[in-house]
Amino acid sequence: QGNPTGGSSTAVDLSFATLDYIYNDYVTFVGGDMLLPLGTYSERSAGWLNKIPDDPLVRDFLPGSGVGVQLRGALPLGDSAQSIAYSVYAVNGPSSTQTNNVAYADQLDLGGNVGDTPNWHADPSAGGRIGWFKPWKPHYDLELGVSGQTGAWNNGGDLLWSAAVLDYAAHFSPYVEVKGEYINTWQQTSTQGTVHPRGWWIQAGYKLAGLDLDYPLVNNVELVARYDNENDGLGNKTDRYTGGFVYYFSSTLWLEGDYEYLYSRGPDALPPNAYVFQLSYGF
């Protein structure tokens, strides 16, 4: 793209890029700029896979990706069809926008030690997830998971940023889905002690095809609803209520529309409500 000074620049926005090597049936090596298994949202629901156009508010407290290496896989539990999924990883971790030796809470950069920030500390972060999956029959299943990450974030490499996430997902038929996450984070600072951003979200969907009506336009609709909550640890709290629909033109082309009501309080309160629409295409 051009600029007023007569020069030019190029920018590339890459969500993730990995090299995966399947070592055996139970272990896969992953290297590169990875989506992080902090909960399941980044890997399974973000982007065009999200049935509500915007992310849960509390996901802003977590990094979506990191540069590093990972081992992951799943182990069956006997002949019960249950399984345990696992992942362990080391990545560059969060960084900061510090320009001095004092680290404030709002200087946290969850994008990691890459880009134009002045922080180049050499301390990696480590994390992982373990999850339990139990199916009862086709389209009836439950998954529970716990994950976390910890590592230095400031220029000096002596202040920690840590996160813990509980995730859950259930299917009660081919037409009913419920999922969500509870997220806790801890950020050590120079002057504010340990700041504790946290929150949770729950989302449900019902496909009207479950009504077994002979109306194709109705059968292509899924009703969705979400409640999400965040507390940034700095005096701002928000509750958001979302209701809407997904219309499936095909399995990869969706029209999403929602109404959001926000109850926000604090010095940086968010606007009270909004209509949100999105046309998503996956390939």
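**Exercise 1. Trace the salt-bridge network around Arg226 and Arg240.**

Asp54, Arg226, Asp228, Arg240 and Glu260 are linked in a network of salt bridges, a salt bridge being a side-chain nitrogen of Lys or Arg within 4 Å of a carboxyl oxygen of Asp or Glu. The model is predicted, so that local features need pLDDT of at least 70 and side-chain atom pairs count only at pLDDT 80 or more, while totals for chains, interfaces and linings use all residues. Residues are numbered from 1 along each chain as its sequence is written, and side-chain values use heavy atoms, with hydrogens and water left out.

*Solution.* Begin with the contact itself: the side chains of Asp54 and Arg226 meet in a salt bridge, at 3.0 Å from N to O. Helices (H or I, at least four residues) and strands (E, at least two) are DSSP runs, numbered from the N terminus. Finally, Arg226 counts as buried at 3% relative accessibility, where buried means under 20% relative accessible area, exposed over 50%, and partly exposed in between (1.4 Å probe, protein chains only).

*Task.* Are Arg240 and Glu260 buried or exposed?

*Solution.* Arg240 forms a salt bridge with Glu260, and their closest N and O atoms are 3.7 Å apart. This pair links distant parts of the chain, with Arg240 in strand β14 (residues 237-248) and Glu260 in strand β15 (residues 253-265), 20 residues apart. Arg240 is buried, with a relative accessible area of 4%, and Glu260, at 4% relative accessibility, likewise counts as buried.

**Exercise 2. Examine the pair of Glu143 and Arg44.**

*Task.* Where in the chain do Glu143 and Arg44 lie?

*Solution.* The structure holds 13 salt bridges, and one of them joins Glu143 to Arg44, with the closest N and O atoms 2.7 Å apart. Glu143 belongs to strand β8 (residues 140-152) and Arg44 to helix α1 (residues 41-44), 99 residues apart, so that the pair links distant parts of the chain. As for accessibility, Glu143 counts as buried at 11%, whereas Arg44 is partly exposed, with a relative accessible area of 40%.

**Exercise 3. Describe the surroundings of Ala225.**

*Task.* With which residues is Ala225 in contact, leaving aside its neighbours within four places in sequence?

*Solution.* Ala225 lies in strand β13 and is partly exposed, with a relative accessible area of 37%. Contact means heavy atoms within 4.5 Å, and with the neighbours within four places set aside, Ala225 is in contact with Ile52, Ile202, Gln203, Ala204, Thr242 and Gly243. Ala225 and Asp141, for their part, are 84 residues apart in sequence and 20 Å apart in space, C-alpha to C-alpha.

**Exercise 4. Characterise the whole chain.**

*Task.* How many helices and strands does the protein have?

*Solution.* The secondary structure comes to two helices and 16 strands. The radius of gyration is 21 Å, close to the 19 Å that the globule rule gives for 283 residues, so the protein is as compact as a globular protein of that length; the radius is taken over C-alpha atoms, and the rule is 2.2 Å times the number of residues to the power 0.38. Along its principal axes the C-alpha trace spans about 65 × 50 × 45 Å, and of the 283 residues, 41% count as buried.
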